[in-house]
Amino acid sequence: MSERALAGLRVLDLCDELGDLAGRLLADFGADVLRVEPPGGARSRSLPPFHDGTSLHFAFRNANKRGICLDLEEARDRATLCDLLPRCDVLIESHAPGRLAELDLAPETLVARNPSLVVLSISPFGQTGPYRDWLATDATLAAVAGMQFKAGIAAKAPLLPPCAAASDISGVSGAFAVTSALIQRERTGHGQCIDLSALEAVAQCTDWSFSNASSIRARGQDSAEMRMGSGPMYTIYTCKQGYVRLVILSPRQWHAMREWLGDPEYLRDPIYDSFLGRMQIAEALQVMIGDLFSSMGHEEVSFEAQRRGIVCTPVLSPGEVLTNDHFVSRGTFVDLEYAPGARGPVASGFFELDGERQGPRERAPEVGEHDALLAELWAEAKTAPRDPRPAPSLPLAGLRVLDFGIGGVGVEAGRLFGEYGADVIKVESRSYPDFIRVVMSTEMSASFASSSRSKRGFGVNLKEPEGLALMERLVEQADVVIENNSTGTMADIGLGYERLRELNPRIVMASSQLLGSRGVWADWIGYGPSTQPIGGLVHLWNYSDQEDPAGSTSIFPDHLAGRFTALVALAALLRRSRTGQGGHGEVAQAETVTGVLGDWMLAEGLRPGSVGPMGNRNERGAPWGSYRCAGEEQWVAITVRNDEDWGRLKLALGNPDWAEDSALDTLEGRREAHDRIDEQLAEWTSSQSRMSVTGTLQMFAVPVAPMFTATDQLNDPHFQVRGYPRWRDQQDLGWIAFEGPSFQASGMSDVAIFQAPKLGEHTREICDELLGLSTEEVEKLVAAGVLEVPSA
């Protein structure tokens, strides 16, 4: 086994519940992460699911860490913490804004005392803004961040996601922020403070709703923001046994589907070659396809569709995920110790680097398990910077990235590099454009603009020898290559990792395929929503009283997989700084889903049949759910975590008679009476606006938040104060609000956000600047179809 990418990095992890995954990911890459817990243990040890008294939530997100116990309320233990900081690289914490300052441990103070230290502060709404002091849970953050409003069916309440999405997305974004700051520290010698908002991190990862809604609004139109099940683009069909999700976007896929339907003449009209054209006959098509699939099982349908080149994946339950042939062939789950003396199927990690899994190796620590090591821990101090602290700058400035991404994953990874200072070159041709660019039958869409802003555009036909030769010259000058094409595509065109390494031994390649580059289904094709069914998310993201999948039109986890892809590239770059060698990082998109459901998959493996859809309820507390407010489709998420929350909720309601039943004073009693409590709460909320309900319950310290659509976010004062909407005049589209950053940092300048390029917009500029071609040579290659530039 080779040395891990972050070997030698020292991390103090003070997170609790929110962002626990950040330290886990750094530890997966080899960092020495020390989990600091208070006496009695972290709050996240009380989070479900449980098995034999062990929180699988905690066990999954704290693997590979060591553990010590410190009571930061005590001066002696605060001194111990401060004594560790000069020997540490990174501190991660998720205390309420201002709490550490009250303990004389303000992040700014710690960095001033330890100039090379990177401090990441993760909070629900950020350290600033009108909502900064709101209490939050994963459910309330998902509601206000936009993950809920597109999930479920119109006849029922919108659905909250069935996983710790907000906490985990914050952890991934936090790990990206930390590794970016570490790359910047290599240049400056200085650490910094990072303020990460879970709200903004989750809003970034939901899908393209924000940018699309803003573009529609800027044109004076209304945006349809209503849940519609799986919708017409990512339709779920009933099979003889089970369900499948079918996605048909390209003309080639449509032609294959049409042939499967018998190629009737009435479907041959060229207008149906586009998705918008097929929308005219969507209902009839759904009936025809449904009839075809009704005689086959879900895997049979999926195999035949994939054989024909059609995107289709089966809806799997957690039990089916654990035994699925492809996941077994990849080692997606491995038998590991997750608690002392206890073993089970643990998700084996989100990444591979040079063919090695970067995932759990050691179980999560017991409370204070490594206290005895404190005296000898991290003997030598870290090197202090020699030069004065420089002005803020973009952390990835000086890097060059070649972006071969399509859809949502690779392009999101490239977007992050571009926003934080790298020169990102978007590689396309009109023969093989990014399909999201042309999804609306033009060469610019709001979705494409969102994920490909802050890049330059290079048009080249890689099937031409001259085009491939030019690209090889760019590879020689690049630091990173990003791609998420079908398995084997890059090697087929002559730009697989082995060839890239020959051209440039320092190159880092970051690849992301639907099901990974190996495994028995590795050649399957699909999009982000195709991973939801096969990873178990569609099955669990459902109402508890129905079998048919409710569905969601969100493309989650595309954007999250893009952040994983960017993170593995950054880890490889940090390793390159030590070794001089590049590497090949990989992210299987479906394992993003199985990973964020890792605790529930472990629970299913330990007790088969125990994990299923719970609708908007949660094992953590009761009452817990979505409640309708006054107005059209106005909802709030209310979450009562414990008996103390229940007491405060009763006070907020004015201690009504129905709530005085002593049986409701315990969690068990409230669970048994959940339906009755829901009826009473719904009656109370239905006469008030969602913001009135939110303001009242937050005043009484009950976690609650309004369900926001993308348009709501555009208008919201907290998003605006935090600088989240970034309006730009996008060529070929008009005014659009791009999603802003999820974190702000004391050593980083504001993100670089500029309009997305036209296809080949910077071809001539790049040929002159990087390839040294004359104008005459460039125009000759354009005329020959080797290079491409914008259409006249």
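Strand E22 (residues 624-628) is mostly covered, with 4 of its 5 residues buried, where buried means under 20% relative accessible area, exposed over 50% and partly exposed in between (1.4 Å probe, protein chains only). The model is predicted, so local features need pLDDT of at least 70 and side-chain atom pairs count only at pLDDT 80 or more, while totals for chains, interfaces and linings use all residues. Residues are numbered from 1 along each chain as its sequence is written, and side-chain values use heavy atoms, with hydrogens and water left out. Helices (H or I, at least four residues) and strands (E, at least two) are DSSP runs, numbered from the N terminus.

**Strand pairs.** Two strands pair if DSSP finds at least two bridges between them. Two pairs are set out below.

| Strands | Sense | Bridges | Opposite residues |
|---|---|---|---|
| E16 (400-403) and E19 (480-483) | parallel | 3 bridges | Asp-403 and Ile-482 |

The hairpin of E22 and E23 has 6 residues between the strands, and Gly-631 in this hairpin takes a positive phi near 105 degrees.

E16 and E19 belong to an open sheet of 9 strands with mixed pairing, in the order E15-E14-E21-E20-E19-E16-E17-E18-E28. Strand E15 (356-358) and strand E28 (787-788) stand at the edges with a single partner strand each, so one side of each is left without a neighbour in the sheet.

**Helix H18.** This helix (residues 465-476) has 12 residues and reaches 17 Å from its first C-alpha to its last, close to the 16 Å expected at 1.5 Å a residue; the expected span is 1.5 Å times one less than the number of residues. Among the buried residues of H18 are Leu-470, Met-471 and Leu-474.

**Ser-454.** This residue lies in the loop between helix H17 (446-452) and strand E18 (456-460). Ser-454 counts as buried because its relative accessibility is 2%. A polar atom of its side chain lies 2.6 Å from the backbone oxygen of Ala-752. Beyond its neighbours within four places in sequence, Ser-454 is in contact (heavy atoms within 4.5 Å) with residues including Gly-418, Val-424 and Phe-754.

**The largest cavity.** A cavity is a set of points on a 1 Å grid over the protein atoms alone where a 1.4 Å probe fits but cannot get out, and its lining residues have an atom within 4 Å of a point. The largest has a volume of about 200 Å³. Its lining holds 15 residues, with Pro-232, Thr-235, Tyr-237, Arg-278 and Leu-285 nearest the centre. Helix H12 gives the most to this lining, with 4 residues.

Key. A polar contact is a pair of N or O atoms within 3.5 Å; within protein, one must be able to donate a hydrogen and the other to accept it, and residues adjacent in sequence count only if both atoms are side-chain atoms. On a 1 Å grid over the protein atoms alone, a cavity is a set of points where a 1.4 Å probe fits but cannot get out, and a pocket is an open set with protein on both sides within 12 Å along at least five of seven lines; lining residues have an atom within 4 Å of a point. Grid points are joined across faces, edges and corners, and a volume is the space filled by probe spheres set on the points.
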